[in-house]
Amino acid sequence: MRATALLAESSNDDAVMQLRDLLNDKDLAVIKAAAGTLVVKWGVKGLGIVLEALANADDQVSAHLLDTLNELWFEGVDVPAMCKTIMTGKSTVASASAQDVLSELGAT
């Protein structure tokens, strides 16, 4: 999978940008892998990128991204805490999406 290959490749900004581009892929499995990689590997920064993509996604992709974030939380990634950190930041798009994610996860 392309996202997994990028993860193995490096942890630099170029990989982050390539993963961001994969969030716009047509294949939901690619989107899920890219979102998971961003959140697990880059934490709050990666989640911020996913949240911005979520704000601009259609209903199908939004549902898939929310499902991915829920799975990560179930697997032990503290998605609610990262959302709360983002909500204190400067990005209003990511902050609004973070609030939506907290509501969807039932972690408000």
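At what angle do the axes of α2 and α3 cross? The close-ups below take up this pair and then the rest of the predicted model.

**Figure 1. Overview of the chain.** The predicted model has six helices and zero strands. From the N terminus on, the elements run α-α-α-α-α-α. The chain has 108 residues, and 43% of them are buried. Among contacts with a separation of 6 or more, 55% join residues 24 or more positions apart.

**Figure 2. Helix α2 against helix α3.** The two axes cross at roughly 135°. They come within 9 Å. Angles over 145 degrees would count as roughly antiparallel, and those from 65 to 115 as roughly perpendicular; α2 and α3 are therefore oblique to each other. The crossing of α2 past α3 is left-handed. On the α2 side, the contact is made by Asp13, Ala15, Val16, Leu19, Arg20 and Leu22. On the α3 side, Val30, Ile31, Ala34, Thr37, Leu38, Trp42, Lys45 and Ile49 take part. By class, the contact of α2 with α3 holds 10 nonpolar residues, one polar and three charged.

**Figure 3. Helix α3 against helix α4.** The axes of α3 and α4 cross at roughly 65° and come within 9 Å. α3 passes α4 in a right-handed crossing. The contact of α3 with α4 brings together 16 nonpolar, five polar and two charged residues.

**Figure 4. Helix α3 against helix α5.** Helix α3 spans residues 28–56, and helix α5 spans residues 79–87. Their axes come within 10 Å and cross at roughly 55°. α3 and α5 are therefore oblique to each other. The crossing is right-handed. From α3, the contact draws on Val39, Gly43, Val44, Leu47, Gly48 and Leu51. From α5, it draws on Val79, Met82, Cys83, Thr85 and Ile86. Eight of the residues in the contact of α3 with α5 are nonpolar and three are polar, with no charged residue.

**Figure 5. The largest nonpolar core.** This core has 33 residues. Leu23, Leu47, Leu51, Leu69 and Val79 touch the most other members. Helices α2 (13–22), α3, α4 (59–74), α5 and α6 (92–105) each supply at least two residues of the core. The largest share, 13 residues, comes from α3.

**Figure 6. Val79, one of the core residues with the most partners.** Val79 is among the members that touch the most others in the largest nonpolar core. Leaving aside neighbours within four places in sequence, Val79 contacts Leu47, Leu69, Leu72, Trp73, Val101 and Leu105. Leu47 and Leu69 are also among the core members that touch the most others. Val79 is one of the α5 residues in the contact with α3, as Leu47 is on the α3 side.

**Figure 7. Leu51 in helix α3.** Leu51 sits in helix α3. Its relative accessible area is 0%, so Leu51 is buried. Beyond neighbours within four places in sequence, Leu51 is in contact with Leu69, Ile86, Ala94, Ser97, Ala98 and Val101. Ile86 is also listed for α5 in the contact of α3 with α5.

Figure 8. Ser62 lies in helix α4. Ser62 counts as buried, because its relative accessibility is 15%, under the 20% cut-off. Not counting residues up to four places away in sequence, Ser62 touches Leu54 and Ala57. His64 also belongs to α4. With the exclusion of residues up to four places away, His64 touches Leu28, Ala29 and Lys32. His64 and Ala29 are 35 residues apart along the chain, and their C-alpha atoms are separated by 9.1 Å.

**Figure 9. Ser95 in helix α6.** Ser95 is found in helix α6. Is Ser95 buried or exposed? Ser95 is buried, with a relative accessible area of 13%. Not counting residues up to four places away in sequence, Ser95 touches Ile86, Met87 and Gly89. Of these, Ile86 also takes part in the contact of α3 with α5.

Definitions and conventions:
Residues numbered from 1 in each chain as written. Predicted model: local features only at pLDDT ≥ 70, side-chain atom pairs only at ≥ 80, totals over all residues. Heavy atoms only, no water. Axes fitted to C-alpha atoms, helices over the stretch in contact; angles between N-to-C directions. Helix = DSSP H or I, 4+ residues; strand = E, 2+ residues; numbered from the N terminus. Parallel < 35°, antiparallel > 145°, perpendicular 65-115°, else oblique. Left-handed = near helix turned anticlockwise from the far one by under 90°. Contact = heavy atoms within 4.5 Å. Nonpolar A, V, L, I, M, F, W, Y, C, P; charged D, E, K, R; others polar. Core = buried A, V, L, I, M, F, W, Y, C linked by side-chain atoms within 4.5 Å. Buried < 20%, exposed > 50% of the residue type's maximum accessible area, 1.4 Å probe, protein only.
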